[in-house]
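Look over the sequence and the model first.

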Amino acid sequence: MEISALIIALSAVVVIAAAVLTADNGLPLWASLLACLAAWPLGSTLLGIHVLASAVGDSTPAEWGVRIAVASTATAVLSFFLGKGLGKGRRADHADTMAGGS
């Protein structure tokens, strides 16, 4: 298996996992856009590292796979802080519901 194909496959796994986490946490659209804008310089920096740059080579799909994986990861991480899925409020609501409250 060629290394750029492996990078594309791993990027797809990261994107799918991050999408599931982000959807579960309910991140606002503005925060998703902010994460994508912030991920562009980080992805370019990663692609500038010699080890990754030599592995990706001239493969444009692999470069975009890395950039999209970085954006997805940034969005998923941001969803943990700004999302409504894993916060204390949801745990408290769940505990209140289990206790018979409204």
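Is the crossing of α1 and α4 left-handed or right-handed? The crossing is left-handed. This is a predicted model.

## Helix α1 against α4

Helix α1 covers residues 3-25. The axes of α1 and α4 lie 8 Å apart, and the packing angle is about 25°. Angles under 35 degrees count as roughly parallel, so α1 is roughly parallel to α4.

On the α1 side, the contact residues are S4, I7, I8, S11, V14, V15, A18, L21, T22 and N25. They meet P61, A62, G65, V66, I68, A69, S72, T73, T75, A76, S79 and F80 in α4. By class, this contact has 13 nonpolar and nine polar residues. It has no charged residues.

## Helix α2 against α4

Helix α2 spans residues 29-48, and α4 spans residues 60-82. Their axes come within 8 Å and cross at roughly 135°. That angle makes α2 oblique to α4. The crossing of α2 and α4 is right-handed.

From α2, the contact takes in W30, A31, S32, A35, C36, A39, W40, L42, G43, S44, L46 and L47. Their partners in α4 are E63, W64, V66, R67, V70, A71, A74, T75, L78 and L82. Sorted by class, the contact of α2 with α4 holds 16 nonpolar, four polar and two charged residues.

## Residues of α4 to look at

Notes:
Residues are numbered from 1 along each chain as its sequence is written. This is a predicted model: local features need pLDDT of at least 70, side-chain atom pairs count only at pLDDT 80 or more; totals for chains, interfaces and linings use all residues. Side-chain values use heavy atoms; hydrogens and water are left out. Axes are lines fitted to C-alpha atoms, for helices over the stretch in contact, and angles run from 0 to 180 degrees between N-to-C directions. Helices (H or I, at least four residues) and strands (E, at least two) are DSSP runs, numbered from the N terminus. Angles under 35 degrees count as roughly parallel, over 145 as roughly antiparallel, 65 to 115 as roughly perpendicular and the rest as oblique. A crossing is left-handed if the near helix is turned anticlockwise from the far one by less than a right angle, and right-handed if clockwise. Contact means heavy atoms within 4.5 Å. Ala, Val, Leu, Ile, Met, Phe, Trp, Tyr, Cys and Pro count as nonpolar, Asp, Glu, Lys and Arg as charged, and the others, Gly among them, as polar.
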